[in-house]
Structures are given as structure tokens and as C-alpha cells.
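Please read the following report beside the sequence and the three-dimensional view. It begins with the surroundings of the ligand and then turns to the fold around them.

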Amino acid sequence: MSKAAITGIHGYVPDYVLTNTELERMVDTNDEWITSRTGIRERHILKGEGMGSSHMGAKAVQGLLEKTNTAPEDIDLLICATTTPDYVFPCTANLICDMVGIRNIGSFDIQAACSGFVYALTIGSQFIETGKYKKIVVVGADKMSAIVDYTDRATCVLFGDGAGAVLLEPNEEGLGIIDSIIRSDGVGQNHLFQKAGGSRYPPTHETVEKRWHYVYQDGPSVFKFAVKNMADVSAEIMERNNLTGSDVAWLVPHQANKRIIDATAQRMGIEPERVMMTIHKYGNTTAATIPLCLAEYESQLKKGDNLVLAAFGGGFTWGAAYVKW
Ligand code: ACO
């Protein structure tokens, strides 16, 4: 059975850089607090009327197609992981396909908050392994600035906007997504969520006044779950694939907080030099953090490298993937 190899990768972040210093002028915070608690120094924000997550997703996919010399008509399926879709419907994957000239294929969104990319990669790899499709694009795209309350210092310092896309193709040499785990537990639904805008609380004057269209996070509770579950799921995927810390060339963690990443790496026995880190310049871009990491470190990756991807997000959702590069 062929494995689904990642044969191309491309990341995109918008031009505008929102620094900690600028945030100091917006809310009661300071660079020292943000840096020491999260590791974030700056994040990119998509400015401009009428542009949503699809704009960034399309930039990432367009770059991916060019880089891999792939014609839009050769793509069999496109999956977009996003928590900030342009619309409730149609899905963002549809919009991205339209923007880059991909037509008449299946395309759909996956909503698993910050674990969305690991979920989407897991789904995409199944279609390759069964032999149904030969070229699949998986994109993570999030415009978190659209749902962040820039008067709430507890959340506005954390998030940024961005997108990253990968191409999946069959591989007969045993390279690719070897194994993955996806998990969820609704116990987390009240700790991290955007309350209004869906079918339970459709938009009204009241939901706007109560600021229910913004991200709410009980940071310390989420922190505890994140540290435990990201470390547990990473340990589980290593154990069932007989990997020790020294076998892993790179840990590719979701970038929510440097302290969560450090704790996960320590539990796995992986030194900081082998942990992909982009949080200082992009912040938490939700479904885009992992593909943005891969794009950033692409030149350092060698054929056959063992990668462990690990994510945790709202829901709660979490997951890990073992990728042989
Ligand atoms: N600047 C200054 N002070 C602040 C700020 C800020 N930006 N934000 C909060 N504080 C204050 C609080 O008000 C509190 O003050 P108090 O003690 O007087 O009440 C104090 O700092 C400590 O606040 P905590 O929330 O306890 O700070 P903590 O050390 O937990 O860090 C953080 C907060 C960074 C949010 C952390 O809890 C965290 O990273 N949580 C997990 C995030 C995560 O993994 N999310 C999942 C993915 S996101 C997704 O799925 C969409």
C-alpha cells in the first residue's frame, strides 16, 4: 500500500506586522509579559476590505502549485482546515479552488480548531492510501484577527493570521504519513470557543453587545489540557511506532505557547534544536501553524527524516502524525 508523502509545501503570511510594542498602545500589556508567558514577539495580520481566510489559503495553494509545477487540473481533492471560514457556507475550500482555477473536484473544510491541519492531513492521507486519488492539496488557513477582541488583553496578544499548504502524493519507498492519531473531548467546549454566529446563537444585537462573536479562552485551564494531551499523544505515536526521542529528527508542534512546546519536547526527550519554532514571529495562526513551520524549516529537512507533528485546540481536539520525510 502506498503511503501519502508530502511532496511540496508553501506558506503565506500577510505583510502587516503587529508587534508587542503596538499592542502595548492598544491594551494594558507589555512586551515582557507577552514574551515571557508565550514566546510571541510579533504576528502578521491581514488588512484589507473583503478578504478572508480564503485569500491567504489561495496564496499558499498558488505558491504550492507553482513550486511543484502542478497544473490546477491535476489536483484530485482539496481539503481546507479553518476555524475562520469566509462564510458559514459555501466552504472556504470551494473559494480557494475558484481563486486558483481548480474546478470539478471534491473540496471541503475541516473544523477542528488548532488541530485542524493534523485532522485534514489524516483524512487526505486515507484517499491516497486507498488508491482513490493521486494528488491532494491540504491547506490550513486562519484569519484569527477577524474573531479576536482587540480590547481583551488575555487573547489579542496570542493570535495571528496565515496559511500553509502541502501536496500529498503516493510514495512507494515507505516515505510519507506513516501513522496518525486524532482525538477530541467535548469537556473543553466551555474553555475555548466563539459563542455566537452559529446556529445556537445566531447574530443579534444582543450577541454583538455581549461580545459573543469573539474568541473566549480560559487560558490556564486550556494550558493544563494542552500540555498533558499534546505530550500524551506524541508519546503514544512514538511508542506504537517504536521511536525514541533520538530517532525523531524534528518535532513539529502546534504553536500556541512556547511553554507548552517546551514541555512537550522535554517529555519526548527532544532537544530544543530539533523543535520547529515560529511562534515568536507568527503567534498562533490556528490551523496554519504546522504547515507554516514545515515551510519555514523546509531547507533543513532531509529525505527519511522522522517528524512528529503534534497539535491541540478548541473542543478540545488534539492529534499527532508520524511523517517520514
Ligand atoms: N498582558 C499582561 N497581563 C496579562 C495579559 C496580558 N496580555 N493577559 C493576562 N494577563 C494577566 C491576567 O489578568 C492575570 O492577572 P491577575 O493574576 O491579576 O488576575 C495574570 O496576567 C496571569 O494570567 P493567566 O491567564 O493566569 O496567565 P497564564 O500564565 O496562564 O498565561 C496564556 C496565559 C498565555 C493564555 C496561557 O494560559 C496559555 O497559553 N494557554 C493555552 C493556550 C492554548 O494552548 N490554546 C489552544 C489553542 S488555541 C485554539 O484552539 C483556537
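## The shell around the ligand

Around the ligand there are 24 residues, of which Thr29, Gly219, Ala256, Asn257 and Gly313 come nearest; a residue is near a molecule or strand if its C-beta atom, placed from the backbone, lies within 6 Å of it. This is a predicted model, in which local features need pLDDT of at least 70 and side-chain atom pairs count only at pLDDT 80 or more, whereas totals for chains, interfaces and linings use all residues. Residues are numbered from 1 along each chain as its sequence is written.

Helix H2 (31-38), H6, helix H8 (219-240) and strand S12 (306-313) each supply at least two residues of this shell, and H8 gives the most, with 5 residues. Helices (H or I, at least four residues) and strands (E, at least two) are DSSP runs, numbered from the N terminus. By class, the shell has 14 nonpolar, 8 polar and 2 charged residues, where Ala, Val, Leu, Ile, Met, Phe, Trp, Tyr, Cys and Pro count as nonpolar, Asp, Glu, Lys and Arg as charged, and the others, Gly among them, as polar. Because domain 1 (3-174) and domain 2 (178-324) both give residues to the shell, the ligand lies between them.

The domain assignment divides the chain into domain 1 (3-174) and domain 2 (178-324), with bounds that come from an automatic or database domain assignment. The C-alpha centres of domain 1 and domain 2 lie 14 Å apart. To the contact between them, domain 1 gives 46 residues and domain 2 gives 44 residues, two residues being in contact if their C-beta atoms, placed from the backbone, lie within 7 Å.

On the side of domain 1 that touches domain 2, at least two residues each are supplied by strand S1 (3-12), strand S3 (42-45), helix H5 (116-129), strand S6 (136-143), helix H6 (153-156) and strand S7 (161-171). The residues on that side of domain 1 are 22 nonpolar, 16 polar and 8 charged by class.

## The five-stranded sheet

An open sheet of 5 strands has the order S1-S7-S6-S4-S5, with mixed pairing; two strands pair if DSSP finds at least two bridges between them. S1 and strand S5 (106-110) stand at the edges with a single partner strand each, so one side of each is left without a neighbour in the sheet. Neighbouring strands of this sheet are turned by 20 degrees against each other on average, direction ignored. For such angles, axes are lines fitted to C-alpha atoms, for helices over the stretch in contact, and angles run from 0 to 180 degrees between N-to-C directions.

Strand S4 (residues 77-81) and S5 run parallel and are joined by 5 bridges, and the bridge partner of Cys80 in S5 is Asp109. Helix H4 (residues 92-100) packs on the sheet, where it touches S4, S5 and S6, and its direction makes about 125 degrees with that of S4.

## The four-stranded sheet

A further open sheet has 4 strands in the order S8-S13-S12-S11, and its pairing is mixed. Its edge strands, strand S8 (176-184) and strand S11 (250-253), each pair on one side only, and the twist averages 15 degrees from one strand to the next.

Between S8 and strand S13 (residues 317-324), which run antiparallel, there are 8 bridges; the partner of Ser184 in S13 is Thr317. H5 lies across S8, S12 and S13, running at about 125 degrees to S8.

## Backbone details in the loops

The peptide bond from Phe89 to Pro90 is cis, with omega near 0 degrees, and Pro90 is found in the loop between S4 and H4. The peptide bond from Gly315 to Phe316 is also cis, with omega near 0 degrees, and Phe316 has its place in the loop between S12 and S13.

Asn69 is not a glycine, yet it has a positive phi of about 50 degrees; this residue sits in the loop between helix H3 (53-67) and S4.

## The chain as a whole

The secondary structure of the chain comes to 11 helices and 13 strands. Its radius of gyration, taken over C-alpha atoms, is 19 Å, close to the 20 Å that the globule rule gives for 325 residues, so the chain is as compact as a globular protein of that length; the globule rule is 2.2 Å times the number of residues to the power 0.38. Along the principal axes, the C-alpha atoms of the chain fill a box of roughly 55 × 45 × 35 Å.
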